[in-house]
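Q: Could you walk me through this model while we both look at it?

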Amino acid sequence: MIDRRNIKRIYLKTARKIKDFLLSDKSREFLIFLFFFFIASGFWLLQTLNNDYETEFSIPVRLKGVPNNIVITSEPPSELHIRVKDKGTVLLNYMLGKSFFPITLDFSDYKGKDNHVRIYSSQFEKRLLNQLNVSTKLLSVKPDTLEYIYSTGDSKLVPVKLQGTVSAGRQYYISDTICTPDSVLAYAPAGVLDTIAIAYTQKVKFEDVSDTLKRQIPLLAQKGVKFVPASVEMIFPVDIYTEKTVEVPLRGVNFPAGKVLRAFPSKVNVTFQVGLSHFRQITASDFHINVSYEELLKLGSDKYTVKLRSVPKGVNQIRISPEQVDFLIEQVSPDYGN
């Protein structure tokens with residue numbers, strides 16, 4: 001249990017030491033030094049702030065009064081950066097207390113050629129100066145031109161195309177690319193709208209993907225064009241490769257009546273890689289080895305190099321064993337096979 005008498009004794013002892021220090025000669029000298037230091041700092045600060053300085057401020061920009069049938073396809077910048085010069089005291093007042101009113105653009109006040117409006121700094125400079133002290137000098141305005149582009153409701157549906165690369169990790173592959181939505185509405189002035197055929201995404205790069213990837217990807221901005229929506233969801237399903245072997249027969253085609261193909265062996269093993277999700281779907285019937293009569297006549301040999309005439313989608317790294325077979329063209333009686 002805490003002894004209250006000990007706490008009181010420690011408190012009184014500490015208070016006495018502080019009191020003795022404050023009443024000592026060294027303490028009085030230190031306090032006097034601090035007093036004059038703060039006075040000197042104050043005079044120095046006032047003298048410094050009395051000099052001229054340059055600095056930069058930001059002023060918001062707003063566009064109002066846009067009719068319902070108008071679509072702004074390229075917005076004006078959200079703020080202006082003004083560079084000013086004045087005494088430090090005035091600039092400090094701007095920094096600490098003064099907030100600037102937005103530069104408001106009324107849509108009905110401006111008309112542009114081909115739905116393209118440009119408003120030069122000289123047209124709104126007076127509104128900037130009204131917010132500054134008389135002594136403040138306006139040095140520059142960036143950007144020096146406010147511009148926006150609008151459409152009078154003209155639009156068309158355009159397909160979305162991915163820009164970039166998506167690569168799977170070892171033994172994996174991207175089985176599909178799903179874009180939602182796969183088309184977007186493009187709003188633009190008629191002259192610009194005619195030139196738009198595709199909405200491209202911003203460039204992406206995904207590497208060593210080993211699991212299904214889902215990303216919201218913004219569309220690439222084009223001047224004077226507004227896409228709705230402005231981004232799409234891309235899904236990249238990932239599958240793992242596995243190996244499978246099927247036995248595929250060699251079939252003669254375009255043989256004249258009374259002649260048939262005899263191959264040794266008559267079937268070959270086809271080994272390939274396929275995604276695990278399609279393993280059961282791919283069978284021997286999806287592969288075709290058709291050997292034409294005309295091709296055999298041109299060989300001048302009894303060895304035929306096996307070639308696949310048909311390969312199912314999603315199959316790669318195909319190997320055939322054996323790669324070559326012996327063959328002969330056999331003459332048979334007309335009633336052969338009956």
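**The largest pocket**

A: The largest pocket is lined by Thr73, Leu219, Leu220, Ala221, Gln222, Lys223, Val225, Lys226, Phe227 and Ala230. A pocket here is an open set of points on a 1 Å grid over the protein atoms alone, where a 1.4 Å probe fits, with protein on both sides within 12 Å along at least five of seven lines, and lining residues have an atom within 4 Å of a point. This is a predicted model, in which local features need pLDDT of at least 70 and side-chain atom pairs count only at pLDDT 80 or more, while totals for chains, interfaces and linings use all residues. Residues are numbered from 1 along each chain as its sequence is written, and side-chain values use heavy atoms, with hydrogens and water left out.

Q: How do the lining residues of the largest pocket divide by type?
A: The lining has 6 nonpolar, 2 polar and 2 charged residues, where Ala, Val, Leu, Ile, Met, Phe, Trp, Tyr, Cys and Pro count as nonpolar, Asp, Glu, Lys and Arg as charged, and the others, Gly among them, as polar.

Q: Okay, new topic: how many salt bridges are there in the whole structure?
A: A search finds 9 salt bridges, each being a side-chain nitrogen of Lys or Arg within 4 Å of a carboxyl oxygen of Asp or Glu.

Q: Which residue does lysine 223 meet in a salt bridge?
A: Lysine 223 meets glutamate 147, with 3.9 Å from N to O. Glutamate 147 lies in strand 7 (residues 145–151) and lysine 223 in the loop between strand 15 (213–218) and strand 16 (226–228), so the pair ties together parts that are 76 residues apart in sequence. Strands (E, at least two residues) and helices (H or I, at least four) are DSSP runs, numbered from the N terminus.

Q: Is lysine 223 buried or exposed?
A: Lysine 223 is exposed, with a relative accessible area of 59%, whereas glutamate 147 is partly exposed at 26%; buried means under 20%, exposed over 50% and partly exposed in between, using a 1.4 Å probe and protein chains only.

Q: And what about aspartate 326, which lysine does it pair with?
A: Aspartate 326 forms a salt bridge with lysine 303, and their closest N and O atoms are 2.8 Å apart. This pair links distant parts of the chain, with aspartate 326 in strand 24 (residues 324–331) and lysine 303 in strand 22, 23 residues apart.

Q: Last one: how many helices and strands does the protein chain have?
A: The protein chain has 6 helices and 24 strands, and 31% of its 338 residues count as buried.
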